[in-house]
Amino acid sequence: MMAHRHTKILEVLSKHSRAEVNILAELMEVSQVTIRKDLDILEERGLVRREHGYASLNIWDDVGKRMAFNYDIKRRIAKAAAAIVDEGETVMIESGSCCAFLAEELASAQKDVTIITNSVFIANYIRHASRTQIILLGGYFQGETQVVVGPMTRKCGEIFFSDKFFVGADGFIPGYGFTGKDHLRSQTIMDLAENAREIYVLTDSEKFQRHGVIGAVQLEKLAGVFTDERIPADIETQLLENKIVLHKVSENGY
């Protein structure tokens with residue numbers, strides 16, 4: 001019920017930029033005290049910004065803003081991906097909203113895992129995790145997406161081997177695979193993938209409607225894809241023909 005309210009709150013804020021606390025309480029049919037608690041949680045996650053009597057999306061944070069869109073679906077995707085991570089594993093998590101939710105799921109589950117990431121946002125997002133070990137790679141810092149990329153990141157990543165590498169995506173090209181829109185980020189994904197035993201993409205189905213401009217992860221290198229049930233049928237067939245394990249979540253569960 002709480003997760004459903006959070007999704008509805010973010011939908012309202014996405015449409016109207018900001019909303020009064022009392023209006024949100026009326027729309028959700030709960031007390032203002034409950035709404036304030038919800039907003040406190042969303043603010044702590046970096047998704048909203050509190051003002052006196054109002055709430056708005058955290059527009060200064062690009063990653064947090066993207067996490068607010070398709071919030072419920074992305075959380076379900078992340079939860080499904082977290083379920084395949086075993087105790088004691090070392091996982092690499094790249095940037096992206098689904099990836100940030102995955103890191104949060106692993107940290108919240110108190111799993112004894114090591115997370116290696118090139119995302120400053122993710123490292124900060126789960127900084128309070130008690131059992132999860134966090135290794136932040138170095139490199140050229142991109143402020144908008146809060147990731148480090150480039151030759152230095154490749155060099156840092158060379159000394160680490162991961163059981164699973166989780167990657168976000170900006171688009172998809174049939175016959176090739178997943179794409180990005182930033183050449184440095186895409187190249188960094190390819191570099192870090194070299195020392196990963198298995199590679200998984202986490203993305204909502206909307207990304208399959210976009211082509212992107214730079215190759216990031218080819219189909220033959222993928223172990224699996226986590227997405228939602230709205231994935232186009234022809235692309236689902238293509239993934240399965242390439243022996244890629246497909247995990248689809250629904251709006252009501254998975």
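**Exercise 1.** In which loop is Thr203 found? Decide also whether Thr203 is buried or exposed.

*Solution.* This is a predicted model: local features need pLDDT of at least 70, side-chain atom pairs count only at pLDDT 80 or more, and totals for chains, interfaces and linings use all residues. Residues are numbered from 1 along each chain as its sequence is written, and side-chain values use heavy atoms, with hydrogens and water left out.

Step 1. Find strand S12 (196–202) and strand S13 (214–218); Thr203 lies in the loop between them. Strands (E, at least two residues) and helices (H or I, at least four) are DSSP runs, numbered from the N terminus.

Step 2. Thr203 has 1% relative accessibility, so it counts as buried (under 20% relative accessible area; exposed is over 50%, partly exposed in between; 1.4 Å probe, protein chains only).

Step 3. Beyond neighbours within four places in sequence, the contacts of Thr203 include Ile77, Cys98 and Phe208 (contact: heavy atoms within 4.5 Å).

**Exercise 2.** How many of the twelve residues of H6 are buried?

*Solution.* Step 1. Locate helix H6 at residues 97–108.

Step 2. Eleven of its twelve residues are buried, so H6 is largely enclosed by the rest of the structure. Among them are Ser97, Phe101 and Glu105.

Step 3. Look just after H6: Gln110 has a positive phi of about 60°.

**Exercise 3.** Which residues make the contact of H5 with H6?

*Solution.* Step 1. Take helix H5 (residues 71–82). The crossing of H5 and H6 is right-handed (the near helix is turned clockwise from the far one by less than a right angle).

Step 2. H5 brings Tyr71, Lys74, Arg75, Ile77, Ala78, Lys79, Ala81 and Ala82. H6 brings Ser97, Cys98, Phe101, Leu102, Glu104, Glu105 and Leu106.

Definitions and conventions
The expected span of a helix is 1.5 Å times one less than its number of residues. Axes are lines fitted to C-alpha atoms, for helices over the stretch in contact, and angles run from 0 to 180 degrees between N-to-C directions.
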